[in-house]
Amino acid sequence: MVTLAVAEGKHADFPSWKRAFSTLAPDLDVIWWEDALQTPQNVEYLLVWQPEHGLAARFANLCAILCVGAGVDHLLADPHWPHDVPLVRMGGQETAALMEEYVTWACLSLLRETRTWAWQQERRIFHRKLVTRTAATTTVGIMGMGHLGTQVARRLRDFGFQVRGWSRRRRELAGVRSFAGQAELADFLSGADILVSLLPNTPRTRDMIDADLLSRLPRGAALVNVGRGEQVCEDALLAALGRGHLSGAVLDVFREEPLSPDSALWDHPAVTISPHAASEASRAEQAAYMVQVIHEIERGGTPALLYNAERGY
Ligand code: NDP
C-alpha cells in the first residue's frame, strides 16, 4: 500500500480528494496532512498546492511531491523546501484543453474588442465599430513553448491564426514559426499582433514584459498574460495602453493575488481581467493525473513534467 498525504492548503476539500482517489486507485492510502504528521516516515507522496512553509520538509521518506498547479515557483520560496525530492508539475489533457480554450477565447475577444461591447452594454450604448481583422491576418506570438505553449500554439494554428513561438531552446512545430533565445526575441516581438505569455516565473522571466519589450511590439498589439503576474511591469503596461501603443490586454495572473481593489487595471476600458482561472482541471482529472504519475514512479519511470532545478522551471 502506497501512502499519499494531501496538503493542498488549509481550506482544501479533502473529502473530494478522498472520493476521487478511492474510485481510481483503491490501493492508495490517502490521508490528510495533519493526520499524516503522526507518522510522517510512512508517507511516500505529498500532494500540494499552497502548503505551509516547512511542512514538506517534515516528511523524510518522500518519493515525490505532486503539485496541483503547473507553476511551482511559489513552493520554492519555502526556505525549508526539500530540493532533493522530485517535484512533479500538474499536466493532463484537461489542463491543456482549458488553457487552449482560454487563450483562443482571449485572442478572439481582442480581435472583436468585446471589452468595448461589455462597456457599452453596461451603459446601453448601441454603437457599431466594424472590425476587419480576422484570425488569418493576425499573428499570435507565444512566449514559452513548453508543455502548455506548444498545445496552445497547435490549437491557434488549427483555428486559423498565424502563430509564432519563442522559447529558450528552439521548438520546431509544423506551421508555427520558431524563435529561440535573447538573440531572436526582438524579431519575434516585431511580428506579434497578440503576445501571449505562457512562461514560468523564474528570476530570468520576472519583469521581462517591461517598457522596452512592449515597445518592440507592433503599434496596436495586445497582450494576453496567463503565465505569472511577476512577468509583467504593470506601470509599463498601463503606459503602453495609455499612449495607444497597445490596444488591449487580457490578464489572468497578477503580481498580487487577489488583485487589489485599488488597482488601476480594474477600470481600464481596454483591460479584461479573469481571476487566475485560465486552467484548473476538475478534481477527477487532477486525481487521475496524480495516480498516473504515482504508478509511473512506482514502475521506476520518470514523469514528463518534472521540475528541473538547473533550469529553474
Ligand atoms: P513548461 O516548463 O513546460 O514550459 C515553459 C516554457 O517557457 C518552455 O518553452 C521554456 O523554454 C520557456 N522558458 C522558460 N524560461 C525562459 C526564458 N528565460 N526565456 C525563454 N523561454 C523560457 O511549462 P508549462 O507550459 O507547463 O506552464 C507554463 C506556465 O504557465 C506555468 O509555469 C504557469 O506559470 C503558467 N500556468 C498558468 C495557469 C493559469 O491558470 N493561469 C495554469 C497553468 C500554468 P524551453 O522550451 O527552452 O525549456
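Visitor: Which residue in β2 is the bridge partner of T3?
Guide: T3 pairs with D29 in β2; strands here are DSSP E runs of at least two residues, helices H or I runs of at least four, numbered from the N terminus. One caution: this is a predicted model, where local features need pLDDT of at least 70, side-chain atom pairs count only at pLDDT 80 or more, and totals for chains, interfaces and linings use all residues. Residues are numbered from 1 along each chain as its sequence is written.

Visitor: How many bridges join β1 to β2?
Guide: Five, with β1 (residues 2–7) and β2 (residues 28–32) running parallel. Strands pair if DSSP finds at least two bridges between them.

Visitor: OK, new topic. What does L46 touch, leaving aside neighbours within four places in sequence?
Guide: L46 is in contact with A5, A7, A56, F59, L62 and I65. Contact means C-beta atoms, placed from the backbone, within 7 Å.

Visitor: And how is the chain divided into domains?
Guide: Domain 1 is 2–92 + 281–298, and domain 2 is 93–273. Those bounds come from an automatic or database domain assignment.

Visitor: How far apart are their centres?
Guide: The centres, taken over C-alpha atoms, are separated by 32 Å.

Visitor: How many residues are in contact across the two domains?
Guide: Nine residues of domain 1 are in contact with nine of domain 2.
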